[in-house]
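Hi everyone, thanks for making time. I'd like to walk you through one model today, so let me put it up on the screen.

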Amino acid sequence: MSQKVAMVTGAGQGIGEAIAIRLAKDGFAVALVARHADKLNEVKDKIEAAGGKALVVTADVSKRDEVFKAVDQTIDALGDFNVMVNNAGVAPTTPIDTVTEDDLNYVYSINVNGTIWGIQAAHAAFKKLGHPGKIINATSQAGVVGNPNLTAYSSSKFAIRGITQVVARELAEEGTTVNAFAPGIVKTPMMFDIAHQVGQNAGKSDEWGMQTFAKDIALKRLSEPEDVANAVAFLAGPDSNYITGQTLEVDGGMQFH
Ligand SMILES: NC(=O)C1=CN([C@@H]2O[C@H](COP(=O)(O)OP(=O)(O)OC[C@H]3O[C@@H](n4cnc5c(N)ncnc54)[C@H](O)[C@@H]3O)[C@@H](O)[C@H]2O)C=CC1
Ligand SMILES: CC(=O)C(C)=O
């Protein structure tokens, strides 16, 4: 059987890097996507040093044509396309009274439009290749419950859950599954930036900023990116074949339903 191919957007650092490394370990050839190649090349080296296969593809996920081109390049280089992980995202702090049109356009063009372009490009690839696939979208615990100071971001992540449900219904007939993962408070550059900004806005420390978000984690520890990668590996693999339209919360017990 030929090697399955997964694409991970925002794969140069944080959660995306951990997902790419884990999927490569699970046997996927992994296309690593971000706007610049430098960090992606470092992740590629790590994957190859561990015996895996990776391809670096640069694209801005907010640009539809670049995402489609990235998927085509991946098929040309790796020969197939099976899993799309729409992970890239941005999270500026946006207290409600300060939100600007530029903030909304910036956050929505990457988090929401970027996910839609990723879904469209993956679906076009599955159709072209004549087989179904798996689409996995990054939402957040902040897309399940509104988080203070994150109007633009939190609302964009609510949208991702909605898009996941809609597209899961649309593509189910073809056998393609569409799910989302909702991390909690993960030790990545994004989360450290948020903690810093929230702390600074309140005239307090970064640690105070972090605790604003982390104080209600039932398991009483911040998340490692690998905690999230473990869940995405499940959604990318055959054990999740009968699951679609769902959001898997990977937050150490922050939100309960
Ligand atoms: N860190 C956390 O605590 C949480 C993160 N998440 C979500 O998980 C995902 C990954 O987050 P982190 O690893 O923490 O973020 P991060 O900021 O550390 O990494 C995000 C990656 O996305 C890339 N990216 C941003 N805009 C892009 C664009 N237009 N085109 C291509 N790549 C782009 C960045 O270059 C970076 O490599 C995001 O969707 C985020 O919203 C969700 C819940 C919690
Ligand atoms: C960044 C994020 O998704 C949070 C705070 O849940």
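The protein averages a pLDDT of 97, and 100% of the residues score at least 70; pLDDT is the predictor's confidence in each residue, from 0 to 100. The model also scores ipTM 0.99 and pTM 0.98. This is a predicted model, where local features need pLDDT of at least 70, side-chain atom pairs count only at pLDDT 80 or more, and totals for chains, interfaces and linings use all residues. Residues are numbered from 1 along each chain as its sequence is written, while chains are lettered from A and ligands numbered from 1 in the order in which they are written.

Let's start with the ligands. Around ligand 1 there are 28 residues, of which G10, G14, G89, S140 and T188 come nearest; a residue is near if its C-beta atom, placed from the backbone, lies within 6 Å of the molecule. Helix 1 (14-25), helix 4 (101-129) and helix 6 (189-201) each supply at least two residues of that shell. Helices here are DSSP runs (H or I, at least four residues), numbered from the N terminus. By class, the shell of ligand 1 has 14 nonpolar, 12 polar and two charged residues. Ala, Val, Leu, Ile, Met, Phe, Trp, Tyr, Cys and Pro count as nonpolar, Asp, Glu, Lys and Arg as charged, and the others, Gly among them, as polar.

And which residues surround ligand 2? They are A91, S140, Q141, A142, N147, I185, M190, M191, I194 and F213. Helix 6 gives the most to this shell, with three residues. Seven residues of the ligand 2 shell are nonpolar, three are polar and none is charged.

Now for the helix packing. The axes of helix 1 and helix 2 (residues 37-49) come within 10 Å and cross at roughly 25°; axes are lines fitted to C-alpha atoms over the stretch in contact, and angles run from 0 to 180 degrees between N-to-C directions. That makes helix 1 roughly parallel to helix 2, a label for angles under 35 degrees. E17, A20, I21 and A24 in helix 1 meet V43, K46 and I47 in helix 2, with contact meaning C-beta atoms, placed from the backbone, within 7 Å. That contact has five nonpolar, no polar and two charged residues.

Finally, helix 3 (residues 64-78) packs on helix 4 at an angle of about 35°, with the axes 9 Å apart. Here R64, V67, F68, V71 and I75 in helix 3 meet W117, G118, A121, A122 and A125 in helix 4. Eight of these are nonpolar, one is polar and one is charged.

Note on methods. Parallel < 35°, antiparallel > 145°, perpendicular 65-115°, else oblique. Contact = placed C-beta atoms within 7 Å.
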